[in-house]
Amino acid sequence: MRALIAAFCAALTAIALAVAPNAFAADAVTAQYRTSAPGATTDQVEPWLKLVNSGTTSVPLAEVKIRYYFRSETPDVGHRFACSWAVRGCGNVTGQFGTLTGGTADRYLEVGFTSGAGTLAPGADTGDLQLRFYRTNWGPITQSDDYSFRGESTYSTWNRVTVHRGSTLLWGTPPGGSPPTTTTTTSTPPNPNGPAMFDDFSYTSSSDSRIAQRGWTVRSGAGGPGVPGAEWDPSRVTFPAVDGQKVLRLDSWNNGSAARQTEMFHQRKFFEGTYAARVKFSDAPVFGPDGDHVVQTFFTITPLNAPMDPDYGEIDFEYLPNGGWGEPANVMYETTWETYQNEPWVADNVHNEQRVSYNGWHDLVFQVGGGRVKYYIDGVLVADHGDKYYPETPMSINFNLWFISGGLQGSSAERAYQQEVDYVYFAKGQVLSPAQVKTAVQNYRSSGVEHVDNV
């Protein structure tokens, strides 16, 4: 009897060993790769990945791992992982590091998923995984000799990134050497108790004493930018309820010659971190004839103390619903400034633009960290700037609505344009994804917090 049992168990073992290597035979998941940091040397590696299911079975992403292989630097101080943005949600993406020996790479980043990432259906892809990692001392990284690195800015399949389901290799060619060690997580999740500023704009009027107490200024008097002779009018900065929620409303007026413009700005103390606001842009005036070249904004700035001041800095979202500056129609600019001078005009900046309408509410985020300034609109990365354009000094947070000099259409009829802001948020020293920003704001609101500032 014991002999029969032993033989039966041996047969089951043999069957299991025969089946195990083919357990995921129907799976066909490939990796696509690009990078937003293509330089040979960088302060943070930015492997952007996408998985594509060309097989016949749905694959639970929680069972999938992606490995990106690289060489460590000297001295080896360890690495930290961060997810800047992911279609499946950064909260559903994990990052760990492991080691190899004897091959062309001695380290790897292993990217995984939680159950919240769902499944990858046949014919589907995960969408963007905008990832990055850096040394714990923020030292330079030479990535030109990294096994998985390729300086491509558009997605394509890349077999030096491997995809695994359990212990089965589904895609790619590992670099060889010894088997990988057990990975250890060194990611840095958002710190909900870190220094932050949040304002829900629950004020009664532009003369509400809490505005100044909380570091804000409602601008008044004359001065640029704008049409010559324009005045900044505090009375046109109001805080109505829109859909049950208080908002900051900027209402700027002109009659073809005279103009009343609006601006509200915070004190200068904001530098590296994540900035966010929910803003409603408008393509048409609330009354009167259309066609003026008007600018609707969310930006940060360090004042210019002298022409070509090297300490000047500015990070802009600027929406021109009627065009201007040579543009014939709707355009959104993301501009990061090194410096400028007025006379003669010299502008040292870098910008991206989208020539589409942004009429209505939009979530705007820009991240300042690791030598890069990254702009997102409604969760989509639209600009990535750095190098000499990275800011050097603390900035103020600003919203304004103004008319471009020479851009008023000929009618003398009165007209007014509006911009509204639902909230503004800043997380000091943290690079948060748009999804993480949304969660932070929801947490403030669900807790009944209208304002916080410990920056």
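1. Disulfide. A disulfide here is a pair of cysteine sulfur atoms within 2.5 Å. In this predicted model, a search of the whole structure finds one. Cys83 and Cys90 form the link, with an S to S distance of 2.0 Å. The link of Cys83 and Cys90 is left-handed, with -70° about the S-S bond. Both Cys83 and Cys90 are buried, where buried means under 20% relative accessible area, exposed over 50%, and partly exposed in between (1.4 Å probe, protein chains only).

2. Basis of the values. The model is predicted, so local features need pLDDT of at least 70 and side-chain atom pairs count only at pLDDT 80 or more, while totals for chains, interfaces and linings use all residues. Residues are numbered from 1 along each chain as its sequence is written, and side-chain values use heavy atoms, with hydrogens and water left out.

3. Five-stranded sheet. Strands are DSSP runs (E, at least two residues), numbered from the N terminus, and two of them pair if DSSP finds at least two bridges between them. The order β6-β10-β3-β1-β12 describes an open sheet of five strands with antiparallel pairing. Its edges are β6 (79-86) and β12 (156-157), each of which pairs on one side only. Inside this order, β1 (residues 29-35) and β3 (residues 47-53) run antiparallel and are joined by seven bridges. Arg34 has Trp48 in β3 opposite.

4. Strand β5. How many of the seven residues of β5 are buried? Six are, so β5 (residues 64-70) is largely enclosed by the rest of the structure. Five bridges pair β5 with β13 (residues 161-165) in the antiparallel sense, and Ile66 has Val163 as its bridge partner in β13. β5 is also joined to β8 (residues 107-113), again antiparallel, by five bridges. In β8, Leu109 stands opposite Tyr68.

5. Pockets and cavities are found on a 1 Å grid over the protein atoms alone: a cavity is a set of points where a 1.4 Å probe fits but cannot get out, and a pocket is an open set with protein on both sides within 12 Å along at least five of seven lines. Lining residues have an atom within 4 Å of a point. Grid points are joined across faces, edges and corners, and a volume is the space filled by probe spheres set on the points. The largest pocket holds about 810 Å³ of space. It is lined by 26 residues, and the closest to its centre are Pro225, Tyr312, Glu314, Glu318 and Trp402. Strand β27 gives the largest share of the lining, four residues. Strands that each supply at least two lining residues include β23 (259-266), β28 (346-354) and β32 (396-403). By class, the lining has 13 nonpolar, eight polar and five charged residues. Here Ala, Val, Leu, Ile, Met, Phe, Trp, Tyr, Cys and Pro count as nonpolar, Asp, Glu, Lys and Arg as charged, and the others, Gly among them, as polar.

6. Gln354. This residue is found in strand β28. Gln354 is buried, at a relative accessible area of 13%. Not counting residues up to four places away in sequence, Gln354 touches Asn330, Val331, Met332, Glu334, Ile377 and Val382, contact meaning heavy atoms within 4.5 Å.

7. Cavity. The count comes to one cavity of 30 Å³ or more.
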